[in-house]
Structures are given as C-alpha cells and as structure tokens.
Amino acid sequence: ATYRMTKNTSLTYKVFYNDKGDRPAVNTGAIDCLNTLIYTWNINKRWFYMGEVAFTDNTVYYTDRITTGSAFGFNNHLIYTVNEKLAVGFRAEYNHNIRSFFDIPAVTGGSGGDLWDFTLAANYKINPKMTFRPEIRYDTVSYNNGYRPFGGDESKKDQISGGISFIVMF
C-alpha cells in the first residue's frame, strides 16, 4: 500500500509472509513474516532519499523444539544523479537481531547482536537496457555470541568487500 504524501514524497507499507514448509536436512519447517515501511523523497532533480524501517519475525520448527526470533533494521539511501547516464549513491544500514535468520547461530540459543553496513556505489547506464554498477561496502558486527558472518572467520568483526553488477532489462 502506497500513500503519496506530496508530489515529491511517498510512504509505502509492505508485508511479506512465507511458510517454507518442510526442510528435512535443516529443520522441519519455518515461517517468516516481514513488515516494511518505506519513505521516499525526491529532494530535487538531482538528489533522491529513501528510508526504510523493517521488522521480521520468524519461527523455526525443529524435530525436538520450536525456536522464535526477530530482527529490525533501518536502511537509508541517498542518491545523486550526475547526468542522464551516471548516478552515485551512499547506503547505510543497521540491523538488530535476536535469534533470527540474520544471526544463524543465535537461532539455536544465542543472544543476537547488531550489524552495520555502509556502501558506496555508482550506476552507469551503458544504454537504456543495460547498467554497470560497481560498489564498495564496509560491514561491522557486534554479535555477543562469538559469531561473525564473514566467511567462517569467527575472529573478524569487520570486513570490506566490493562487487560489480551488470543489470540487463528485458
């Protein structure tokens, strides 16, 4: 559901419900519910802001127990359009996890933690149907159960990564 507040701002509410059913190798089932509130603002012809607040609730059905978890987060995007082919952007995201799927070991009894990430990216339109998108990202976590989500290295609390995408529209 979207409500256009002004010509340049809108507020959108989304809900997602997923019953994953039986997953014998992992557990016997899982249900997720995600609620999201998104605010968009076309500041002017060059600047665009999007803010998002999300809350997820999940239940995992194991053969011997039921585990519940939750997470909430804030996601902020600020995009500057340089010209019709190039835009650059910054994203900052915060997630707090309590025995959620975002904090996998916490599903089995950990106490969750916090995840921050910051991304710098560019979108370059090669043509109207193809976009080249490089990015660099910094992540840091404060999980107090010893878990770190960075490639199995339990000692790392931060990482820098990068990526390149080609987006093709059909």
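Colleague: Which residue's side chain does a polar contact of 3.0 Å join to that of Glu93?
Modeller: A polar contact is a pair of N or O atoms within 3.5 Å; within protein, one must be able to donate a hydrogen and the other to accept it, and residues adjacent in sequence count only if both atoms are side-chain atoms. Glu93 also has a side-chain polar contact of 2.3 Å, with Arg91. The 3.0 Å contact is with Asn95.

This is a predicted model, where local features need pLDDT of at least 70, side-chain atom pairs count only at pLDDT 80 or more, and totals for chains, interfaces and linings use all residues. Residues are numbered from 1 along each chain as its sequence is written, and side-chain values use heavy atoms, leaving out hydrogens and water.

Colleague: Is Glu93 buried or exposed?
Modeller: Buried means under 20% relative accessible area, exposed over 50%, partly exposed in between (1.4 Å probe, protein chains only). Glu93 has 18%, so Glu93 is buried.

Colleague: How are the ring planes of Phe72 and Phe74 arranged?
Modeller: Rings of Phe, Tyr and Trp (its six-membered ring) pair if their centres lie within 6.5 Å; planes under 30 degrees apart count as stacked, over 60 as edge-to-face and the rest as tilted. By this rule there are 10 aromatic pairs. The centres of Phe72 and Phe74 are 6.1 Å apart and their planes lie at 75 degrees, so this pair is edge-to-face.

Colleague: Is Phe166 buried or exposed?
Modeller: Phe166 forms a tilted aromatic pair with Phe132, 5.1 Å centre to centre. Its relative accessible area is 54%, so Phe166 is exposed.
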